[in-house]
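Hi,

Here's the structure I promised to pass on.

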Protein chains: 2
Amino acid sequence: MNQLRVGGGRVLRPDGRVERADVAVDRDEGTIRAVGSPDEVDEAVGAAAETLDASDSLVIPGLVNAHTHVAMTLLRGYADDKPLDPWLREDIWPAEAELTPDDVEAGAELGAVEMIRSGTTAFADMYFAMDRVADVVDRAGLRARLGHGVVTVGKDDADARADVEESLAVARELDGAADGRIRTAFMPHSLTTVGEEYLREGVSEAREAGIPVHLHANETEDEVDPIVDERGERPIAYAAEIDALGPDDFFAHGVHVDGSEIDRLAEAGTAVVHCPASNMKLASGMAPVQRLREAGVTVALGTDGAASNNDLDVFDEMRDAAMLGKLAADDASAVPAEAVVEMATRGGADALNLPGGRIEAGAAADLAVVDLDAPHLTPDHDPVSHLAYAARGSDVRHTVCDGDVLMRDREVLTLDAEAVQKRAADAAIDLVERVKSA
Amino acid sequence: MNQLRVGGGRVLRPDGRVERADVAVDRDEGTIRAVGSPDEVDEAVGAAAETLDASDSLVIPGLVNAHTHVAMTLLRGYADDKPLDPWLREDIWPAEAELTPDDVEAGAELGAVEMIRSGTTAFADMYFAMDRVADVVDRAGLRARLGHGVVTVGKDDADARADVEESLAVARELDGAADGRIRTAFMPHSLTTVGEEYLREGVSEAREAGIPVHLHANETEDEVDPIVDERGERPIAYAAEIDALGPDDFFAHGVHVDGSEIDRLAEAGTAVVHCPASNMKLASGMAPVQRLREAGVTVALGTDGAASNNDLDVFDEMRDAAMLGKLAADDASAVPAEAVVEMATRGGADALNLPGGRIEAGAAADLAVVDLDAPHLTPDHDPVSHLAYAARGSDVRHTVCDGDVLMRDREVLTLDAEAVQKRAADAAIDLVERVKSA
């Protein structure tokens, strides 16, 4: 048997306890065989199993970045500090119009390296040229739920239908790729950028094929008001009406949701992916995370694209979520450390309906080993507090997904990080040239 | 002559431009002699001068942490996620009551290591046992403005007076220590925790001695309402009335300031130290940073104590300030990247009235070299954006203060980082034991 021991450290258990334990991983199955004392783990994997050193470290579930546009790493720092509308029209959309499939691959590789280096093992991605993103996920060894983003506003009927069909086709074709690590979703961009008939048709086909739905919902007031004005109902009610509010669906943002919408999300079992950094950077507002959680909504965390963040480090999202959640609730006890850690791990896996998110026997072997032996993580009063408030992606030593070691001692093993970085840097230079001359 | 070259990198100039340049440092004088081409710098320092490699890196002014309680690193993660009042009464104050001067020294050492490792070269500290903090500043090679924090509520007249006298005595005695790198201030804790007569007396004596004033102002509504209720005027007006609103004074927080107070701060030339992480974590509110800056107020950044942050990394504060500033202004173009970089460098040095904050000939040689050769800082569209949004303390390679190299290639040279970390960890364990048995 092909076994791995993650040994010598402490482990964050699903109930929130932190305890001294080793972790036995069955690499062939990609699962955790046992969590226990060194002796118990010896019994599970044999004393000769390869070991990942976790001394002075905390073993946590691999982090889940439940909403991003990973190829946008090419636009990191390309345009900041502008209101949403001119930022999109003057900067982001013109740049995206020039993005080639090769660029998408280069950006996705860069994002994959960045995520592996910061302990993320699974992500949800909405973009285009998704076959290239899928190829990167496969080679990187990550897990993902992928989808082609649909926009129909400004398109004629044929183009609009083609875009819907593309998203459904991508979802059908890529589902189960990368040895099952890739799952898919139908991804209309939002309820205001896709026309009702296309939404209805696409969702209906997705339901027949058993494909979940992912979209941006209630991110800004401009995404809410037109729906209220035109339909006399709020966006989450509209989503329900078109059958896009299912238990396997997950909506990004959920900033401007009212009490009735929170209740509907909870009843439907539809998850919300909170993107605190993006919501602050674009001045979108403060999602009512504490209320969503109290109502029983599954809340995950997402970085959104690197252009509105500007990194893909879920540690930042945990800190931001805890801090913004307190401000939104006007209560310093809201959205505590253990909540954001849960959102970044189990909450993310549950929202995306992917394996992982738990360090326990039988669970997927998706984990990160966080080095706590650092001045900024001293003293050792509470390692869960450190995860939320003081640790950062650069504190991750090892990253494991599906039983495979993606990073060991900060060296990414599945991709050539240096070459990836160079390729992305060059692609970005070329892209800017093309945008300028377009 | 004892010279240093910081060579091979780009430099962030005071006007915000980033250009390829070397930096010549006169170590004896502690100043920057020249900023220019390699040839120009050869002429200034000689080709044989010791070199700090800045290739693929950005040379920036040393960051300024303009409001902290550095010894509180011992309480990092000790108690989180509680409302301010019970957090202080049940957790922080009982722990602080057990802190010995040795603990303060241990915590200050840990904070100094953390700040050096994240590119901070100067800080303002309000705490007690300040002679021990000063000793740490001296050994660490940092710059600081230090003061003993005064609280008179709940004290009898003799104790209250003794506390005021202690703060004045500390300010007189420590001013100019550490070869002039230490300056001081009279530091009443706040306008509500120090009685009016003690404030008046202390400020009056400070003015005579030419000592500036640092206090917490308008942090929460609970710091505003009692003053309005009792005096019929807002806190900044009260500060002016007791002569505590001078051009060398700097106030922490300034969250709940109205338009009239912003104007008064601007007229008086009193600086505000914005502490975005602490203001979020304690749910204190959103400071109107864009309005303060537009009114001409000098705004600096501070981490506040590690118990309400939970780190001393000014890169986090820059990111938080940009993001929270946009949310507060409801405008994604507010508090842009260049503004937060300015606040963390020149703004901090100006608020604290300390040398530094500028990479230019004649300025103090206080600088940090930030490694930009990393996946999360790729591509290279805009290094100033990266400083604000994507870089973190761990990207700092070298830290220089007053011409001395405090960290080279991530190795802290002035303190034994490993021993400091061990001492702080042990001190924290002892502290918890004492609090439990108290």
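Below is what turned up on the domains and the chain contact.

Quick housekeeping: this is a predicted model, where local features need pLDDT of at least 70, side-chain atom pairs count only at pLDDT 80 or more, and totals for chains, interfaces and linings use all residues. Residues are numbered from 1 along each chain as its sequence is written, while chains are lettered from A and ligands numbered from 1 in the order in which they are written.

Chain A is assigned two domains: domain 1 covers 3–61 + 358–412 and domain 2 covers 63–352 (bounds from an automatic or database domain assignment). Their C-alpha centres are 28 Å apart. Each of the two domains of chain A puts 24 residues into the contact between them (contact meaning that C-beta atoms, placed from the backbone, lie within 7 Å). On the domain 1 side, α14(A) gives the largest share, five residues (helices are DSSP runs of H or I, at least four residues, and strands of E, at least two, numbered from the N terminus). That side of domain 1 of chain A has 15 nonpolar, four polar and five charged residues (nonpolar is Ala, Val, Leu, Ile, Met, Phe, Trp, Tyr, Cys and Pro; charged is Asp, Glu, Lys and Arg; the others, Gly among them, are polar).

Now for the chain pair: 50 residues of chain A contact 50 of chain B. On chain A, the helices supplying at least two residues each include α2 (84–98), α3 (101–117), α14 and α15 (417–437). The largest share, five residues, is from α15(A). By class, the chain A side that touches chain B has 25 nonpolar, ten polar and 15 charged residues.

Cheers
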